[in-house]
Amino acid sequence: MDQLKLVALDQDDLEIVATHLQDAHVKVGDVHWRPQEKRLVMGLNRFDWEGAVCENGHFRRRRTALRFDRVLAVKCRNLECQAKEVVLNLLTIEFVETAAPGGSVVLIFSGGGELRLDVECLEVELADLGPVWDTTACPAHEDQASPALSAAPR
């Protein structure tokens, strides 16, 4: 699989980015808020869902960067922001428009943790950085619809 590079400028675009990042792992220490630049950047280990659902069902993770621009404020809930070695599991990313085109981007993590970014508008970029490695486990969820994935080793 080639390296993925996506840009999200609206809610539909963000849903595609969120789909590719479902079950990505991110260390708290790999989340960097740069208020002077109005930017939040994070390094993640995303699960390669495309490779997992193909015929050979190869499970891999890829090192990926995620950047949010035009960020006015960052708030966290149910996260220990000082625990830099804690690994979070990203479930999804949502956008709630407040005053168009601005709103809040909410990154939702397993265990109830959330990171909320107040943004002037949506301006998001996802880019694979290169390193890829095999993993023996495929993330599974209770409401998983795909029998091929729910039968995968954990």
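Which residues does N89 touch, not counting residues up to four places away in sequence? In this predicted model, the answer is D23, A24, H25, I108, F109 and S110, where contact means heavy atoms within 4.5 Å. N89 sits in strand β7, residues 87-97; strands are DSSP runs of E with at least two residues, helices are runs of H or I with at least four, and both are numbered from the N terminus. At 19% relative accessibility, N89 counts as buried, the classes being buried under 20% relative accessible area, exposed over 50% and partly exposed in between, with a 1.4 Å probe and protein chains only.

A word on the ground rules: residues are numbered from 1 along each chain as its sequence is written, and side-chain values use heavy atoms, with hydrogens and water left out. Local features need pLDDT of at least 70 and side-chain atom pairs count only at pLDDT 80 or more, while totals for chains, interfaces and linings use all residues.

Zooming out, the protein chain has three helices and ten strands, which run along the sequence as β-α-β-β-β-α-β-β-β-β-β-β-α. Of its 154 residues, 40% count as buried. Among contacts with a separation of 6 or more, 65% come from residues 24 or more positions apart.

R116 belongs to strand β9, residues 114-119. Is R116 buried or partly exposed? With a relative accessible area of 33%, R116 is partly exposed. Neighbours within four places in sequence aside, R116 makes contact with A73, V74, K75, S104, V105 and V106. For V105, eleven residues away in sequence, the C-alpha to C-alpha distance to R116 is 5.7 Å. The R116 side chain also has a polar contact of 3.2 Å with that of D118; such a contact is a pair of N or O atoms within 3.5 Å, and within protein one must be able to donate a hydrogen and the other to accept it, with residues adjacent in sequence counting only if both atoms are side-chain atoms.

Then there is the largest pocket, with about 200 Å³ of space. A pocket here is an open set of points on a 1 Å grid where a 1.4 Å probe fits, with protein on both sides within 12 Å along at least five of seven lines, and lining residues have an atom within 4 Å of a point. The lining comprises 13 residues, with V28, V31, C76, C81 and L115 nearest the centre. Strands β3 (31-34) and β6 (71-77) each supply at least two lining residues.

Notes:
Grid points are joined across faces, edges and corners, and a volume is the space filled by probe spheres set on the points.
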